[in-house]
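Have a look at the model first, and then read on.

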Amino acid sequence: MNQKDRMLSGLPYKAWLDGLSEERMACKKLVHEFNLLPPEQEDRAEELMRALLGKAGKDAWINAPFHCDYGYNIEVGDNFFANYNLTILDVAKVVIGNNVQIAPNVSIYTAGHPIHPDSRNSGYEYGIPVAIGDNVWIGGDVVILPGVTIGSNSVIGAGSVVSKDVPEWVAAAGNPCRVIRAVTEEDRKFYYKDREFDVADY
């Protein structure tokens, strides 16, 4: 088993061996072009996004700047939207569902290093997958750590550090992120806190 196979299997691996450095460089070149495109070149931006990602659904969009390690380990569903400064360290799979919205300055980390300094200084690191369900909204400046699953129809409040799984149909926030309350049918009539919709076409 080479180092790439070890990386993709969640085993300790060395990131500079077996072509991994070259794969990251290829990714960096695409990311560099994507991030420096003139804003009117939306068609080219979409082409580059789809070339970078392992899978991108219908009407998926990422606002530049965007950063990732490999790209091919990232899968996003239909109607995906990520605002400025999304960073995904995708040494393991990051699978994101349909209708997911990501606010600015969000970081998703699958990568990690051992806690003990001797182990860490050996050069071995690891990647553990992250999964985000359908209809999730992730607020600004959220950090999602390796191994986390966020359930469908949930909201992660701004500034949260998500170190454990979040169930479906909840609002969660904080550092560490924890469930604040359930998302209920009553929430349907509000657009912000206690402000009710004055329209019916939603």
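With which side chain does the side chain of N153 make a polar contact? The partner is the side chain of N135, at 3.0 Å; a polar contact is a pair of N or O atoms within 3.5 Å, where within protein one must be able to donate a hydrogen and the other to accept it, and residues adjacent in sequence count only if both atoms are side-chain atoms. Keep in mind that this is a predicted model, in which local features need pLDDT of at least 70 and side-chain atom pairs count only at pLDDT 80 or more, while totals for chains, interfaces and linings use all residues. Residues are numbered from 1 along each chain as its sequence is written, and side-chain values use heavy atoms, with hydrogens and water left out.

N153 sits in the loop between strand 16 (149-150) and strand 17 (155-156). Strands here are DSSP runs (E, at least two residues), as are helices (H or I, at least four), numbered from the N terminus. N153 counts as buried because its relative accessibility is 19%, and buried means under 20% relative accessible area (1.4 Å probe, protein chains only). Beyond its neighbours within four places in sequence, N153 has contacts (heavy atoms within 4.5 Å) that include W169, V170 and V183.

V170 leads us on to a hairpin. Its bridge partner in strand 20 is A182, and four bridges join strand 19 (residues 170-173) to strand 20 (residues 178-182), which run antiparallel. Four residues lie between these strands, and G174 takes a positive phi near 110°.

Both strands belong to an open sheet of seven strands, ordered 3-6-9-14-17-19-20 with mixed pairing; two strands pair if DSSP finds at least two bridges between them. Strand 3 (61-62) and strand 20 are at the edges with a single partner strand each, so one side of each has no neighbour in the sheet.

Finally, consider the largest nonpolar core, which has 40 residues. Such a core is a set of buried Ala, Val, Leu, Ile, Met, Phe, Trp, Tyr and Cys residues joined through side-chain atoms within 4.5 Å. F66 is one of the members that touch the most others.

Terms used: Buried means under 20% relative accessible area, exposed over 50%, partly exposed in between (1.4 Å probe, protein chains only).
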